[in-house]
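Subject: Handover of a structure

Dear colleague,

Please find below the structure that I am passing on to you. My notes on it follow directly after it.

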Amino acid sequence: MKDWKNVWILAEVSRGKLSPTAYELLNAGRGLADALGEKLCAVLLGKDVKKFAADLFEHGADVVYVCDAPQLENYIDDVYAKTLAGMIKQYKPNKFLLPATNMGRSLSAKTAIFAGTGLTADATEVLINKEDGQLHATRPTFGGNLMATITCAHTRPEMCSLRPMSYAKAERTPARSGEVVEFAFNEQDFTSLAKFLKFIKSEGEGLDLSEAEVIVAGGRGLGKPEGFALLEKLAKRLGGAVAASRAPVDSGWVEYRRQIGLTGRTVKPKLYIACGISGQIQHMAGCSGADVIVAINKDPQAPIMKLAHYAVQGDLYEVVPAMLEALEK
């Protein structure tokens, strides 16, 4: 295992844009690389992706591995995973962090299989054990009631998909540079039974939750799907996005893409307004990073009322219209 060196992160590129998760992984990876005395490396896969290398260097990468090919323009997990496994076999990274996004969750699992190694999925924290240099990846388990720390003792690289928003973004150092290493794509080696047909963009309105600085979220306490129309008004007035706890999603009131919590999205807005949400640990795991949490709930004993920065006891159907009226003034 002494032949396996350096910490890798996957810089995800989707539809021609570098995902912000790359900066979060560079921040997490820097801590691991420094603890090991090794280099921090980023991996780029896709078409016309080499141009992102300079940005990755400025955010902390020492080396950027690039596989830039027309065949990688559209994501197909088999092709991407086999390509990554080939890069792993050739360059032998010690640790490998990937984002726990829709793409990252699929890609990390298949890559681990092709590379013959282990994977800790959906972790929220990563550390290096000073005694043996192993990666300790911590993730929620048993519905969020316990935190489990997982190791991969016998194979390399030690792989981990890290939940978005678990780490702050790495700071930028202008004009910082590094080494670019190009990996040749061999179409004969990277085949798949799956074929890309077309990309269909979601028609959902509103800001993406990962970009919103203000989020208005609704829970079971809304009592009916029409309640989200009221939250939409408040979110629009504040320039924010609408989200939900798991109960409304399970009831079919809103789309899954709006779900916040352990089985949904993790967000870090400046303001999080929770309407009719009890605040169980599974939900709070997704929003506890907000700068300010405002809870509106009839039940003063609801867990979220004790966790919020501001707790408003009352009927949301009275409180929210009053907020809108005050905002209009």
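In these notes, a residue is called buried when its relative accessible area is under 20%, exposed when it is over 50%, and partly exposed in between (1.4 Å probe, protein chains only). Helices (H or I, at least four residues) and strands (E, at least two) are DSSP runs, numbered from the N terminus.

The model is a predicted one, in which local features need pLDDT of at least 70 and side-chain atom pairs count only at pLDDT 80 or more, while totals for chains, interfaces and linings use all residues. Residues are numbered from 1 along each chain as its sequence is written, and side-chain values use heavy atoms, with hydrogens and water left out.

I begin with helix α4. On one part of this helix, M103, G104, L107, S108, T111 and A112 are buried. They lie on the same side of α4, because they cover an arc of only 140° around the axis (the arc is that of the directions from the helix axis to the C-beta atoms). On the other side of α4, N102 and I113 are exposed. Contact here means heavy atoms within 4.5 Å; the elements that cover the buried residues of α4 include β1 (7-10), α3 (77-91) and β11 (158-162). Just after α4, G116 takes a positive phi of about 70°.

L26 and A170 are 144 residues apart in sequence, yet their C-alpha atoms are 6.1 Å apart in space. L36 also lies in α1 (residues 21-36), but is partly exposed, with a relative accessible area of 22%. With residues up to four places away in sequence again left out, L36 touches V7, N94, K95, I128 and G133. L36 and A81 are 45 residues apart in sequence and 26 Å apart in space, C-alpha to C-alpha.

Yours sincerely
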